[in-house]
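Please look at the sequence and the structure below.

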Amino acid sequence: MNNIGSENNKITIAGTVITNPEFSHEVYGEQFFTFKLEVPRLSETTDIIPVTISEKFLALITVKEGIKVLIGGQFRSYNNFSSSGNRLLLTVFVRSIEEIDNTDDYASPNNVFLNGYICKPPVYRTTPFGREIADILLAVNRAYNKSDYIPCIAWGRNAKYADSLSVGDNIMIHGRVQSRNYQKKISEDEFENKTAYEVSVSKLEMA
């Protein structure tokens, strides 16, 4: 039972720590901290990815701004309940971490694999330039009857294939975690800068 999450949800990510760890929460006496990781893309831009790490790893490695690390773990979701409503928070959950010399040593510094179930009808659309896109919300089972709800975005042929899928279909996704900045309209003349996290799909198939 405990192996469910580790088999269905795997991520390997390499990047530069850009914020020092800050306390996040405590579960059964174990403290967890969060920091931001800057991960290079092949296009020479970067993604800024949130990371959650247990105190037990921080006792083994000094995670601080400026060092480069290789992380193995899972891409998880959490519900954040606040006065403004319920918000889905996404983070890389650390299961292994080591300091490295250079992220250039890794041809693909951002790899994620998910095996889950479609929990909302995929939303297929085309951009003004004719590019095909599909939004997929994937429920990935975790141990102890929990699930992570991971937004994914597919392009081109993968998007067209996603448009034929239905709620409940079991699919496997390979891709990378990406960050995307956008503006949320608060009022007629007020906007708030936000960051969305999702899996950019490179391969999509039925499980």
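Is Phe33 buried or exposed? Phe33 is buried, with a relative accessible area of 16%; buried means under 20% relative accessible area, exposed over 50%, and partly exposed in between (1.4 Å probe, protein chains only).

## Basis

This is a predicted model, in which local features need pLDDT of at least 70, side-chain atom pairs count only at pLDDT 80 or more, and totals for chains, interfaces and linings use all residues. Residues are numbered from 1 along each chain as its sequence is written, and side-chain values use heavy atoms, with hydrogens and water left out.

## Aromatic pairs

The whole structure has 2 aromatic pairs (ring centres of Phe, Tyr or Trp, its six-membered ring, within 6.5 Å; planes under 30 degrees apart are stacked, over 60 edge-to-face, the rest tilted). Phe23 and Phe33 are edge-to-face, because their planes are at 80°, with the centres 5.8 Å apart. Phe23 belongs to strand S2 (residues 22-27) and Phe33 to strand S3 (residues 30-40), so this pair ties together parts 10 residues apart in sequence. Strands here are DSSP runs (E, at least two residues), numbered from the N terminus. Phe23 is partly exposed, at 48% relative accessible area.

Phe32 and Phe93 form a tilted pair, 6.0 Å centre to centre with 35° between the planes. Phe32 in strand S3 and Phe93 in strand S6 (residues 85-100) are 61 residues apart. Both Phe32 and Phe93 are buried.

## Asn110

Asn110 is in strand S7 (residues 110-118) and is buried, with a relative accessible area of 8%. Its side chain reaches the backbone oxygen of Val177 at 2.7 Å.

Key. Helix = DSSP H or I, 4+ residues; strand = E, 2+ residues; numbered from the N terminus. Polar contact = N/O pair within 3.5 Å; in protein donor to acceptor, adjacent residues only side chain to side chain.
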